[in-house]
Amino acid sequence: MSTAVPTRSAYWRAKEVIAGVEEYGLAEAVELREVYRELYGRSSKSPRPQLSA
């Protein structure tokens, strides 16, 4: 079994989705942002899109 690595465009798409959730004022936005940072902020192999605080 192999683990798929999301493409760079997937990182940007995740950022767009989180921004949309925040725009609607949904409570889940904070949790989504934290998960994004946890998943994509670990590796320094390639640059990841950063979300503003």
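These are my notebook entries on a predicted model of a protein chain.

**Entry 1. Ground rules**

I am working from a predicted model, in which local features need pLDDT of at least 70 and side-chain atom pairs count only at pLDDT 80 or more, while totals for chains, interfaces and linings use all residues. Residues are numbered from 1 along each chain as its sequence is written, and side-chain values use heavy atoms, with hydrogens and water left out.

**Entry 2. Overall make-up**

I looked up the secondary structure and found two helices and zero strands in the protein chain. Helices (H or I, at least four residues) and strands (E, at least two) are DSSP runs, numbered from the N terminus. I then looked up burial: 21% of the 53 residues in the protein chain are buried. Buried means under 20% relative accessible area, exposed means over 50%, and partly exposed is in between (1.4 Å probe, protein chains only).

**Entry 3. Helix α1**

Helix α1 covers residues 8-23. I compared its length with the expected span, which is 1.5 Å times one less than the number of residues. With 16 residues, α1 reaches 23 Å from its first C-alpha to its last, close to the 22 Å expected.

Which residues of α1 are buried? I noted Tyr11, Ala14, Ile18 and Val21. They cover an arc of only 85° around the axis, so they sit on the same side of α1. The arc is that of the directions from the helix axis to the C-beta atoms. The buried residues of α1 pack against α2. On the face turned away from this buried side I found the exposed residues Ser9, Arg13 and Glu23. After α1 comes Gly25, with a positive phi near 75°.

**Entry 4. Helix α2**

Helix α2 covers residues 28-40. Its 13 residues should span 18 Å, and its end C-alpha atoms are 18 Å apart, which agrees.

I listed the buried residues of α2 as Ala29, Arg33, Tyr36 and Tyr40. Seen down the axis of α2, they fall within an arc of 60°, so they line one face of the helix. What covers them includes α1. Val30, Glu31 and Glu34 are exposed on the other side of α2. I checked Glu31 in particular, and its relative accessible area is 52%. From Glu31 to Ile18 I noted 9.7 Å, C-alpha to C-alpha, for two residues 13 apart in sequence.

**Entry 5. Nonpolar core**

I looked for nonpolar cores, each being a set of buried Ala, Val, Leu, Ile, Met, Phe, Trp, Tyr and Cys residues joined through side-chain atoms within 4.5 Å. Which residues form the largest one? Its five residues are Tyr11, Ala14, Ile18, Tyr36 and Tyr40. The elements giving two or more residues to this core are α1 and α2. The largest share, three residues, comes from α1.

**Entry 6. Salt bridges**

How many salt bridges are there? I count two, where a salt bridge is a side-chain nitrogen of Lys or Arg within 4 Å of a carboxyl oxygen of Asp or Glu.

One of them joins the side chains of Arg13 and Glu16, at 3.0 Å from N to O. These residues are three apart in helix α1, so about one helical turn separates them. Glu16 is partly exposed, at a relative accessible area of 49%.

Another is formed by Arg33 and Glu22, with their closest N and O atoms 2.3 Å apart. Arg33 lies in α2 and Glu22 in α1, so the pair ties together parts that are 11 residues apart in sequence. I also found a polar contact of 2.3 Å between the side chains of Arg33 and Glu22. A polar contact is a pair of N or O atoms within 3.5 Å; within protein, one must be able to donate a hydrogen and the other to accept it, and residues adjacent in sequence count only if both atoms are side-chain atoms.

Is Arg33 buried or exposed? Arg33 is buried, at a relative accessible area of 11%, whereas Glu22 is partly exposed at 33%.

Terms used
Contact = heavy atoms within 4.5 Å.
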